[in-house]
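Hi,

Here is the structure I promised to pass on. Have a look at it first, and then read my notes below.

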Amino acid sequence: MLWVKAFHIISLVCWFAGIFYLPRLFVYHAACEDEPGRERFKIMERKLYRGITTPSMIATIVFGVWLISYNVSGYFSQGWLHVKLLLVAVLIVYHFYCGHLVKVFRDDRNTRSHVFYRWFNELPVFILLAVVILAVVKPF
């Protein structure tokens, strides 16, 4: 179980690295005014989303389900896990919305300013804080 937990944490760290960096790329992409720069951001966004962030999300989910499988009834009897899984679901939606935004930028259809993406970039920070507190403290 400890190996599964270790790989769950490693994949979570990689997933959040992508989730934190991808919207930051959107900030710079939205503010970029030259064509070569925009093309460079398109490549970076696509590679980060497809090559790191999405595989890390899948690994996080697989290892998380594997961890729960060790004691399904025990874990699901604890309220903190329900809230954590709800937050993970919100993060998965956020992840796929980022994938949508990668396509929006790829097709040069972005209409939002860099300020929007600066605020958009903050949501996963709060989710991470809550998930870690729930998993470590298990407050209920």
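This is a predicted model: local features need pLDDT of at least 70, side-chain atom pairs count only at pLDDT 80 or more; totals for chains, interfaces and linings use all residues.

One term before anything else: a residue is called buried at under 20% relative accessible area, exposed at over 50%, and partly exposed in between, using a 1.4 Å probe and protein chains only. By that scale Glu 39 is partly exposed, with a relative accessible area of 34%.

Residues are numbered from 1 along each chain as its sequence is written, and side-chain values use heavy atoms, with hydrogens and water left out.

**The overall picture**

The protein chain has six helices and zero strands, so its pattern along the sequence is simply α-α-α-α-α-α. (Helices are DSSP runs of H or I with at least four residues, strands are runs of E with at least two, and both are numbered from the N terminus.) The C-alpha atoms fill a box of roughly 55 × 25 × 20 Å along the principal axes. Of the 140 residues, 38% count as buried.

Contact here means heavy atoms within 4.5 Å. Among the contacts in the protein chain with a separation of 6 or more, 77% are between residues 24 or more positions apart. The chain exposes about 8200 Å², and carbon and sulfur atoms supply 71% of that; these areas come from the Shrake-Rupley method with a 1.4 Å probe, and for residues only the protein chains shown count as cover.

Helix 4 covers residues 79-106 and includes Leu 87. Which residues does Leu 87 touch, leaving aside its neighbours within four places in sequence? They are Ile 127, Ala 130, Val 131 and Leu 134.

Is His 95 buried or exposed? His 95 is buried, because its relative accessible area is 0%. Beyond the neighbours within four places in sequence, His 95 is in contact with Trp 15, Ile 19, Tyr 49, Thr 53, Thr 54 and Met 57.

**Salt bridges**

A salt bridge is a side-chain nitrogen of Lys or Arg within 4 Å of a carboxyl oxygen of Asp or Glu. By this rule the count comes to five. One of them joins Glu 35 and Arg 38, whose closest N and O atoms are 3.0 Å apart. These two residues are three apart in helix 2, so about one helical turn separates them. Glu 35 is partly exposed at 39% relative accessibility, and Arg 38 is partly exposed too, at 23%.

Glu 39 and Lys 42 also meet in a salt bridge, at 3.0 Å from N to O. Glu 39 and Lys 42 are likewise three residues apart in helix 2, about one helical turn. Lys 42 counts as buried, at 13% relative accessibility. Together with Asp 108, Glu 39 and Lys 42 are linked in a network of salt bridges.

Asp 108 itself sits in the loop between helix 4 and helix 5 (114-120), and is exposed at 52% relative accessible area. Phi of Asp 108 is near 55 degrees, a positive value in a residue other than glycine. Most residues other than glycine have a negative phi. Lys 138, in the segment after helix 6 (123-137), has a positive phi as well, near 50 degrees.

**Surface patches**

Patches are made of residues with over 30% relative accessible area and no salt bridge, with like charges joined within 9 Å and nonpolar side chains (Val, Leu, Ile, Met, Phe, Trp, Tyr) within 5 Å. A nonpolar patch of about 650 Å² is made by Val 125, Phe 126, Leu 129, Val 132, Ile 133, Val 136 and Val 137. Ile 133 is in helix 6 and is partly exposed, at 47%.

For charges, Lys and Arg count as positive and Asp and Glu as negative, leaving out His and the chain ends. Arg 46, Lys 47, Arg 50 and Lys 103 form a positive patch, and helix 2 (residues 35-69) gives its largest share, three residues.

Best wishes

Notes. The place of a charge is taken as NZ of Lys, CZ of Arg, CG of Asp or CD of Glu.
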